[in-house]
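The following paragraphs lead the reader through a predicted model. They begin with its division into parts and then turn to the place where those parts meet.

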Amino acid sequence: MTDILFVKPALPRSGALVLPLAEGFTLAGLAREADAATEGAVTRALEAAGFKGRKGQICTLWAPGGKGGHLSRIVAIGLGATPDARTAEAAGGAAWPLIAGDPEAFIATDGLNAALTAAFASGARLRSYRFDKYRTREKAEDRPKLVRLSLASAAPSEAKAAFATLSAIADGVFLARDLVSEPPNVLFPEEMAERCRGLEKLGVEVEVLGPKELSKLGFGAMLGVAQGSAREPRVVVMQWKGAGPASDAPPVALIGKGVTFDTGGISLKSAGGMEDMKYDMAGAGAVIGAMAAIAGRKARADVVGLVGLVENMPSGTAQRPGDVVTSYSGQTIEVINTDAEGRLVLADLLWYARERFRPRCMIDLATLTGAIIVALGHEHAGLFSNDDDLAQKLLAAGAEVEEKLWRMPLGEAYDKLIRSDIADMKNVGGRPGGSISAAQFIQRFIDTREGHVAWAHLDIAGTAWATKDGATTPKGATAFGVRLLDRLVAGHYEG
Amino acid sequence: MASEPADAARFRPMRLRLRGRLGRKAAARPRLLPWPPGAPAPLPDLAERPAAPCWREGRLLLPVPADQADPPAWNSSAWDPPAWERAAAAALPALPEGTRRAVLDARHLSPAQALALARGLALAAPGGFRLDLWHDRPEALAPLWQAERAMLKAVARARRWVATPANRLTPARFARALKRLERHGIAVQVLGRGALERAGFGGLLAVGGGSAHPPRLVVLRWAGRLAVPPVVFVGKGITFDTGGLGLKRGAGMEVMREDMAGAAACAGAMLALALRDSPAPAAAVLPMAENAIGAAAYRPGDVVATLSGRTVEVVDTDAEGRLILADALNYAVRAFRPEAVIDLATLTGAAITALGHHRAALYGNDPVLAAALCAAGEAVGERLWPMPLPQAGDAALDSDIADLRQCAPRDPSGRAQPDAGHAAAFLHEFLGDDPPAWAHLDMAGMVGEAARGEDAPLSLPGGFGVRLLAGLVAARFEDPHRI
């Protein structure tokens, strides 16, 4: 664990020194002092390396010596032409792997304002995440050694306050990454519900529904998915009441798919890549992480999170292709493919969420379809919505936090793909337009009998897991959605 | 015409006769009675407007969408011509079997509404169908119908090319068929294998190498009257796609005779522009090849030098479309310095997985052109959806041995790949250093049996893209004062 401190500018005598520099820079402040202390080594190195301060540009000097004392290295990082929170954060993320081998590092952010300094620190922290609890023989030298990360600021207390908010959000991100990274034998519905209880210490009201309550309520679609597994299903309802008693605005509802492992059920998946299916609960992970972020920074908004937790297994009690189940809404569903189980879980949750909370808007997140990866790859998550205004807000929030969305179409022609011969609908519409017919299915469980409710569905199958490092996301669980949802709430539903 | 194939009648456009009043014989024909909501029943003793067309004593009651302003404002959201076209098309199966001639009673409709219904019938009717259009002002309709006829003729021509089996539509024969467009004032240039070799069309020659029917490049030019750079269409013309050495599975392979639908659409659009004497200069660059298996077929692992000079590592011989388009796009940009270049191709299965059979995928580098294309598509019921172009620096197309590779290799454990996006990113690389406004339409979902569902564009089978492109030119490139 690294301590992150904000201090008045003063050149350090040891450890790593990072110089964030914008395009067209002239060395000033600490950077200039460092150059002087190293007898111009910084200037010479930057010139020799062709360092211009472009975004992502990096130049490292090892053991610069001189009057600089015992600095292990000086790292210059480009901020681009006009540094903003995003570039500062990305630079912080890029800096992390370069300084993590030193016990101490100092960032010369004295030229940046408090907000950008905090963003730089947050980027470094986000990038520092690692999931190493199952490594029992890792050598100390392979672990990061950074104990203290200090950032220079003309207004340290201001930067510290700004960082406190970002740090609460990062806590939510880390929680989601932990949940998504956990192996499926460790993290099953009951255990995941138990971890949600941890949010109570942030002031979140947590309520867990087990199989008895669920069957009494009539969650037929979700229980059909769960019935093949030895692990019992759970629904967790998390309420953050931050708007205060004076507010009568309805809450924002966040709904997450939490299939802790998806074998496909009787419609068994092929073996190749099945291990990825431990992250089929990433939608729920993002909702839980977002609730932690929102509560952690004491957002002045009412937000309710609901996650449906099941394991999809083939067994003697498993649901069969051809079964017809009755959902909580009363609508019947012919199960054609037991591997299209996520939408069955969401169906009951969405209807329940609307009925119980009358939310002002509903956003569901799910690693729902492979088709969305074919459509959009790993750069964007698919956004489906019945409301242009909510869709715009989500697109903008996603762009701000580098969790990018791309709007996909809905329409009657796609809805026809899920017509069933014997029930109200079937649970798959075929490969062509597979993500869209899945979204159409979910839309049938947005209860609009008493008027429009803004709803958006994010298909995050392509963005929940990264196979290579990103600026602030080490490879593995990305926690895609946590920061996006937090930003959405911060931007539009607070105060 | 002696050379016409026996089934040409299938593709004969509908004949339409405008009438101000009906004679005795016409009065006896099956009659279509459009019925907008709220209007009085066109037949006595009918209480309720039916939801679907219904046949009653020689009359077909035809429910049409809500009433419109007359004339409909161009930007009125209430005016939805595709919905009217679709309503008319839905009438055909409700007519008694074997009906070849009918009367459309459009007396109470505006000219635009009457024409939308006639157009819907024309697009959906069997070849040789005849329609008497009964309207109060036939003289007002006549000039408008002339323009419609040009479009319908062009759609019919594209459909015929697409429907022609691959043994009868080889690259050479397709090129010869297009040569006949010269009679409409279109300049046609055909490059054979020798010319392609001399010019360096490495991508097109590699793909066509395995077939006994060598490739062609056909260039169509319509001069127009405006002194501006042309808009250029580029269409994929794979006359049959076996997949090459990366052979496709047998089931459904017959659809691959339609793998030249992009080229057919571009040529059809050129014909539409010529027939209505468009002032806008336009050109089409149509690479044609058969992707076959043969002793000279190109192999996975080959490195091909394309026309642009860039080398490409072949990964999958069944991703041949992007190779021939790479050469054609590069040629189009260099030969024409176009104002805009738009390519149409039945390119990837991924586009079908993404958007199904109801929308074609739209990629590009120019938001204004993309918006214009989307609007043109909505206006004719050939709907598109914008998709993201992968960012430069996406490592998917990095090759160890050449400038780039043609596609990402298949993941050994079967993980999904955004192949439609990769294909678009690949094509983007061949637009030169100063790329013009460019749009790429992946219309793979618009061919084959699966595409012909109840909500399919009426121009299917085979005519997708003709009205879209011709409509785009009319809306965007014919105004001499545009900026």
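In this predicted model, chain A consists of two assigned domains: domain 1 covers residues 3-154, and domain 2 covers residues 168-492. Taken over C-alpha atoms, the centres of domain 1 of chain A and domain 2 of chain A lie 38 Å apart. The two are in contact, with domain 1 of chain A contributing 14 residues and domain 2 of chain A contributing 21 residues.

The extent of this interface can also be expressed as an area. Between them, domain 1 of chain A and domain 2 of chain A bury about 1500 Å², and 55% of that area is on carbon and sulfur atoms.

The interface of domain 1 of chain A and domain 2 of chain A holds 5 salt bridges. A salt bridge joins the side chains of R125(A) and D171(A), with a distance of 2.8 Å from N to O.

Attention may now turn to the side of domain 1 of chain A that touches domain 2 of chain A. The elements that give two or more residues to this side are α3 (85-99) and α4 (114-127) of chain A. Of the contributions to this side, that of α3(A) is the most, at 5 residues. By residue class, the side of domain 1 of chain A that touches domain 2 of chain A comprises 6 nonpolar, 3 polar and 5 charged residues.

Conventions:
Residues numbered from 1 in each chain as written. Chains lettered and ligands numbered in written order. Predicted model: local features only at pLDDT ≥ 70, side-chain atom pairs only at ≥ 80, totals over all residues. Heavy atoms only, no water. Domains from an automatic or database assignment. Contact = heavy atoms within 4.5 Å. Buried area = accessible area lost by both parts, 1.4 Å probe. Salt bridge = Lys/Arg side-chain N within 4 Å of Asp/Glu carboxyl O. Helix = DSSP H or I, 4+ residues; strand = E, 2+ residues; numbered from the N terminus. Nonpolar A, V, L, I, M, F, W, Y, C, P; charged D, E, K, R; others polar.
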